[in-house]
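Here is a short briefing on one structure. Please look it over before reading the notes.

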Amino acid sequence: MSVLLEVQDLAVAYGHIDAVKGVSFQLEEGKITALVGANGAGKSTTLLALSGLLHPKAGSVRFAGEDITGLAPHQIVRRGIVQVAEGRAILTTLTVRENLDLGAYTRRDRAGVADSLARVFHLFPLLEERTRQYAGNLSGGEQQMLAIGRGLMAKPRLLLLDEPSMGLAPLMVQEIFRTLVEINRDGLTVLLVEQNVRQALKISAQGYVLETGLVVLADTGASLLVNPKVAEHYLGG
Amino acid sequence: MEAFADFWATYSTLIFTVGIHALLALSLWLTLSCGLLSLANAAFMGIGAYTAALLTLHLHWPFPMVLAAGGLAPAVVALVIGAPTLRLSGVYLAMATLAFGEVTRILVLNLEITGGPEGLNGIPLLTTWWHIVLILAAAGYALARLRRSRMGRAFEAIREDEVAARMMGIDVEGHKLAAFTLGAVLAGLAGALNAHSTFFISPREYGFENAVDILTMTILGGISSLIGPVLGATILTLLPELLRFLHAYRLAVNGLILIGVVLFLPTGLWDSRRLGQMLRAWRTRWEGKP
């Protein structure tokens with residue numbers, strides 16, 4: 001298996017506060033990798049640094065053999081890394097369709113964009129029924145679907161997901177995770193940041209546990225699920 | 001025919017002003033469409049006006065070239081000041097652009113070539129009605145095309161949510177600079193047209209008050225479509241004239257009308273979405289009748 005993304009000693013600070021203190025991990029192509037941990041462990045900060053929204057203080061990020069450390073967000077998107085933000089960050093005053101079209105902003109291959117749209121509608125039939133509705137009128141779960149759909153419209157090589165289950169009803173959480181598995185089956189590499197540790201590790205090939213800005217455990221998803229430390233701290237004993 | 005000649009003699013200045021204000025409102029609409037609250041457009045108008053007037057007075061350039069230079073000069077300035085200031089957003093950007101406007105005004109007030117506080121006199125009246133109509137129509141057409149273009153959609157995304165726009169791969173800084181600069185071009189054109197229709201220009205015409213006026217016209221009309229700013233500019237230019245019979249109370253009533261509009265129609269007079277809903281409601285009521 002080849003490594004798609006390699007993070008070396010990545011450190012990110014907000015002013016004087018070190019949120020991420022030197023984490024290293026790698027993502028295998030075509031696999032789901034989970035980054036789990038408690039609130040404030042530095043998971044979201046790591047993701048934001050990968051997508052260029054935050055500037056790393058130290059360390060390096062290599063994507064498909066290229067050093068992308070410190071590139072601007074739009075340059076990173078063009079290389080195929082697309083983030084689905086926490087809190088969904090959809091454009092509420094635009095329609096569902098307009099949101100999806102904007103997702104394909106960086107692409108110029110019309111036929112390919114049409115294919116992606118069909119694929120998104122296949123994954124989320126609900127979105128196809130609501131193409132002309134304003135995104136702000138969707139429920140939380142539907143907005144999350146739209147956010148993921150919009151991310152897929154960019155035809156990423158790597159999808160970064162920040163807390164996709166946050167604030168959703170349990171059934172909707174199941175639905176979102178089921179879709180992630182399906183997306184991954186198409187060959188898309190996924191990095192998943194989650195507080196819902198059990199669900200995240202279940203679908204992940206590889207997992208990393210973050211604590212106060214450091215990687216404290218790294219193993220396969222299945223092994224982490226049965227690791228007593230993980231069980232004690234994150235799975236409620 | 002004679003009646004028209006009389007009417008034109010009396011009101012042509014006012015009609016010219018409506019057109020120029022409409023162009024200014026559209027220039028700010030463009031800047032706002034990318035989410036930038038800028039108070040620099042009055043200064044851009046001034047830079048365009050002075051550049052154009054000086055080229056006509058001293059170098060006797062042909063009018064089309066003068067107009068082009070009037071649009072280009074503020075664009076160059078916008079590119080230079082935009083790079084550092086556009087990192088700011090909201091009120092902070094408004095303050096920075098306001099400061100830029102004041103610096104420009106004071107510079108013009110103290111330079112020799114601009115005639116200082118006396119301004120420039122004896123600018124030939126080269127602007128005709130069709131210049132204004134043509135440029136306004138061209139600007140309207142270009143902006144309508146822009147709205148539907150890739151760039152227009154990027155502007156919209158940036159205005160709605162900058163972080164989301166970045167995540168979609170939009171070069172936020174580049175697009176903001178483009179919106180700011182293109183807005184400066186339109187404001188500069190308005191300035192050049194204005195200078196050649198009023199015979200005389202002075203620094204007073206391009207200060208803070210005018211910056212606020214342009215903002216008021218645009219917001220009052222509504223920024224959801226291109227009709228809004230043009231409507232706002234027309235109303236705000238004509239209203240003081242229509243209220244002339246109120247004499248001393250004119251400006252007070254003018255202000256009250258503005259407050260009323262802002263209170264009851266916060267999205268502006270022309271809100272395409274609201275108008276669409278009203279039309280649909282009307283239609284259902286009409287069809288519902290036996």
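The points below cover the chain interface, the domains and a surface patch.

This is a predicted model. Chain A is divided into two parts, domain 1 (1–80 + 157–237) and domain 2 (90–155). Chain B and chain A bury about 1,900 Å² between them.

**Interface of chain B and chain A**
- The contact takes 22 residues from chain A and 17 residues from chain B.
- Carbon and sulfur atoms account for 61% of the area that chain B and chain A bury.
- B:Arg150, B:Met167 and B:Met168 supply 40% of what chain B buries against chain A, more than any other three residues.

**Domains of chain A**
- The C-alpha centres of domain 1 and domain 2 of chain A lie 23 Å apart.
- Their contact takes 17 residues from domain 1 of chain A and 15 residues from domain 2 of chain A.
- About 1,200 Å² is buried between domain 1 of chain A and domain 2 of chain A, with carbon and sulfur atoms giving 71%.
- Two salt bridges are found across the interface of these two domains of chain A.

**A salt bridge in chain A**
- A:Arg119 and A:Glu182 meet through their side chains in a salt bridge, at 3.9 Å from N to O.

**Nonpolar patch on chain B**
- B:Met1, B:Phe4, B:Phe7, B:Tyr11 and B:Ile15 make a nonpolar surface patch of about 570 Å².
- B:Phe7 lies in helix α1 (residues 2–33) of chain B.
- B:Phe7 has a relative accessible area of 41%, so this residue counts as partly exposed.

How values were computed
Residues are numbered from 1 along each chain as its sequence is written. Chains are lettered from A and ligands numbered from 1 in the order in which they are written. This is a predicted model: local features need pLDDT of at least 70, side-chain atom pairs count only at pLDDT 80 or more; totals for chains, interfaces and linings use all residues. Side-chain values use heavy atoms; hydrogens and water are left out. Patches are made of residues with over 30% relative accessible area and no salt bridge: like charges are joined within 9 Å, nonpolar side chains (Val, Leu, Ile, Met, Phe, Trp, Tyr) within 5 Å. Accessible areas come from the Shrake-Rupley method with a 1.4 Å probe; for residues, only the protein chains shown count as cover. A salt bridge is a side-chain nitrogen of Lys or Arg within 4 Å of a carboxyl oxygen of Asp or Glu. Helices (H or I, at least four residues) and strands (E, at least two) are DSSP runs, numbered from the N terminus. Buried means under 20% relative accessible area, exposed over 50%, partly exposed in between (1.4 Å probe, protein chains only). Domain bounds come from an automatic or database domain assignment. Contact means heavy atoms within 4.5 Å. Buried area is the accessible area (1.4 Å probe) that two parts lose on being put together, summed over both.
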